[in-house]
Amino acid sequence: MTVAPVDWARVRHFRATEWRSVAHIDPRLIYAVDDLREFIGVPIVLGDTTGLGHDPAGMHPAGRAVDCHAEGITLVDFWLAAERFPAFGGIGIYPPGTWDRPGLHLDTRDAPHRARWWRDSTGTYHPVTTGTLAAWA
């Protein structure tokens, strides 16, 4: 994948320094997270954007993923808001007890079907299903 440089003049809510150590970050990811931040109206705190500690063949080292949480909004509302943005081909949900702060994994994978999952407190990954949503409601 050839990555064009980020047009930081387009980015309203983040600085380049917040996207640490990934010189080859996918601009679509930055623009989509920025648009999500604008939509929800509360700060999004970015987690690790270096890719360290992630699957070497995964989205993080490729510069196509970020882990984050939003301040002042529930995790379910944050996830529902992220679902509005088609650039997020992958969305992982990390509820309380699975990360330091409940949050989302957002990525710009190219796939015929969007990937959706959540992680439980044992570190096991599960698909998001209607049963999952009913249990969270």
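The legends below describe close-up views of one predicted model.

Residues are numbered from 1 along each chain as its sequence is written. In this predicted model, local features need pLDDT of at least 70 and side-chain atom pairs count only at pLDDT 80 or more, while totals for chains, interfaces and linings use all residues; side-chain values use heavy atoms, with hydrogens and water left out.

**View 1. The open sheet consists of six strands in the order β1-β2-β4-β3-β5-β6, with mixed pairing.** Helices (H or I, at least four residues) and strands (E, at least two) are DSSP runs, numbered from the N terminus, and two strands pair if DSSP finds at least two bridges between them. β1 and β6 (125–127) stand at the edges with a single partner strand each, so one side of each has no neighbour in the sheet. On average, neighbouring strands of this sheet are turned by 30° against each other, direction ignored. Strands of a sheet pair through backbone hydrogen bonds, either parallel or antiparallel. β1 and β2 run antiparallel and are joined by three bridges. Four bridges connect β2 with strand β4 (residues 103–107), again in an antiparallel arrangement, and five bridges connect strand β3 (residues 90–94) with β4, also antiparallel.

**View 2. Strand β2 is largely enclosed by the rest of the structure, because six of its six residues are buried.** Buried means under 20% relative accessible area, exposed over 50%, and partly exposed in between (1.4 Å probe, protein chains only). Ala65, Asp67 and His69 are buried on one side of β2, and Val66, Cys68 and Ala70 are buried on the other. Cysteine 68 in β2 is the bridge partner of leucine 46. Aspartate 67 stands opposite histidine 105 in β4, and glycine 92 also stands opposite histidine 105.

**View 3. Histidine 60 lies in the loop between β1 (44–46) and β2 (65–70).** The residue is buried, with a relative accessible area of 6%. Its side chain makes polar contacts (pairs of N or O atoms within 3.5 Å; within protein, one must be able to donate a hydrogen and the other to accept it, and residues adjacent in sequence count only if both atoms are side-chain atoms). Contact means heavy atoms within 4.5 Å. Not counting residues up to four places away in sequence, histidine 60 touches Asp48, Gly51, His54, Ala65, Val66, Asp67 and His105.

**View 4. Aspartate 107 lies in strand β4.** Aspartate 107 is buried, with a relative accessible area of 0%. A polar contact of 2.7 Å links its side chain to the side chain of histidine 105, and one of 2.8 Å links it to the side chain of arginine 109. Residues up to four places away in sequence aside, aspartate 107 touches a set of residues including Met59, Arg64, Phe88 and Trp117.

**View 5. Helices α1 and α2 are seen against the strands.** Axes are lines fitted to C-alpha atoms, for helices over the stretch in contact, and angles run from 0 to 180 degrees between N-to-C directions. Helix α1 (residues 27–40) lies across β1, β2 and β4 and runs at about 150° to β1. α2 packs on the sheet, where it touches β1, β2, β3, β4 and β5 (115–119), and its direction makes about 15° with that of β4. In helix α2 (residues 75–82), the buried residues are Leu75, Phe78, Trp79, Ala81 and Ala82. These fall within an arc of 160° seen down the axis of α2, so they line one face of the helix; the arc is that of the directions from the helix axis to the C-beta atoms. Valine 76, found in α2, is partly exposed, with a relative accessible area of 37%.

**View 6. The largest nonpolar core contains 31 residues.** A nonpolar core is a set of buried Ala, Val, Leu, Ile, Met, Phe, Trp, Tyr and Cys residues joined through side-chain atoms within 4.5 Å. Trp19, Val33, Leu36, Ile44, Phe88, Leu104 and Leu106 touch the most other members. The elements giving two or more residues to this core are α1, β1, β2, α2, β3 and β4, and α1 gives the most, with seven residues. Isoleucine 44 belongs to strand β1 and is buried, with a relative accessible area of 6%. Beyond four places in sequence, its contacts include Phe14, Val33, Leu36 and Phe78.
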